[in-house]
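Please examine the sequence and the three-dimensional structure shown below. The report then describes selected parts of the chain.

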Amino acid sequence: DRLKLSFEKRKQFAKSAAAASLFDIMVAKNSNLCVAADVPTAEKLLEITKLVGPYICVLKTHHDIVDNFTDDTAVELQKLAKKFNFLIMEDRKFAEIGSIALKQASKVAGWADLVTAHSNAGPDIVPALRSAFSTCPEGDKKGVFLVAEMSSKGNLHSPEYAKATANMAILYPEVVSGLVCQSPSVVPSLGVLQLTPGVNLETKGDSLGQQYNTPEVVVGEKGADIAVVGRGIVSVSDPAAAAQKYQTLLWQAYLNRLA
Ligand code: 5FU
C-alpha cells in the first residue's frame, strides 16, 4: 500500500532519477510542500522564492504569466534551487503532438527540473519531452508529471482517462516521475509521486472553479505525496510564515498517514 510506505522506502522503487531526488529532498527537508509561485513579475518571483525556499521540496512556476521573465531570472531561480535544495517545476501542461511539444519544451528544459504535460494527445508526448531534456546538461535527471486529474469544477477528466494516463507512467518509468491527480488510487507504482493541487486552509474555492481541501484531507484521503499551495502562501502578508505553517501541517498529515 503506497499510502502506508515511507518516502525513504518508496525511493527504492523510483525508476526516474528526478523522482529519486525528490524523495531525497522531501526526507532531508521534512517537506512535501510545493509552492505555486504564481506572481506577476520576475522580481516578485525571486522574492517569493527566497521567502519560501527553506520550506519547500518543489517550486512550481507558470513562467508565461510572469512579466519580464528572462534567462537571468531562470539563472537566479536555479541558484536559489541549489541553495535551498528544491526542484523547479514548470507547470506548462504541454498538450501537443510530439514534434511541437518537443520544440515548446526546449524553451524551458534548460532551467526546469520537472515539467507537467497533459496525456490527451497520446503517449508520445513523453518521449517528445525526453528529447527536449536530452539536449540539456543533466537532461536525464529531469522528469515529467502527467496530469491525470484536475482540481477544477466540472473538469472532463474521467476515471478511464486517469487510468490511461497512469499507464503512460508505466510505459515510460524513467521519464514520468509523477502524476498530477486528486484521488488515491490513480498512481500505478510505489516509485511514482502524486502531486495534488487545491490546498487552502482559509477558503473552499475561488470564483473561477478552483476547489480547495485542507492538508489533512489532501494527504490523508486524496493520497497526495506532494501538495501544491499557491494563493494560500503567495497572497498573504507573511508568505514565509504561511509556508512554514503549511509545511508543518502537510508533513504531519504524511506522518499521520503512515501511522
Ligand atoms: F493540474 C492542476 C490542477 O488540477 N489544479 C491546479 O490548481 C494544476 N493546478 C495549479 O496549482 C494551478 O495552475 C496553480 O498554479 C496552482 C494552484 O494555485 P492556488 O492559488 O493554490 O489555487
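Predicted model: local features only at pLDDT ≥ 70, side-chain atom pairs only at ≥ 80, totals over all residues.

Residues are numbered from 1 along each chain as its sequence is written.

Helices (H or I, at least four residues) and strands (E, at least two) are DSSP runs, numbered from the N terminus. Helix H3 (residues 42-52) packs against helix H4 (residues 71-84) at an angle of about 0°, and their axes lie 10 Å apart. Axes are lines fitted to C-alpha atoms, for helices over the stretch in contact, and angles run from 0 to 180 degrees between N-to-C directions. H3 is therefore roughly parallel to H4 (angles under 35 degrees). The table lists the residues that meet, contact being C-beta atoms, placed from the backbone, within 7 Å.

| Helix | Residues in the contact |
|---|---|
| H3 | Ala 42, Leu 45, Leu 46, Thr 49, Lys 50 |
| H4 | Thr 73, Glu 76, Leu 77, Leu 80 |

Just after H4, Asn 85 has a positive phi of about 60°.

Around the ligand there are 17 residues, of which Ala 36, Met 150, Pro 197, Gly 230 and Arg 231 come nearest; a residue is near if its C-beta atom, placed from the backbone, lies within 6 Å. Strand E8 (226-229) and helix H9 (231-234) each supply at least two residues of this shell.

Note on methods. Parallel < 35°, antiparallel > 145°, perpendicular 65-115°, else oblique. Contact = placed C-beta atoms within 7 Å.
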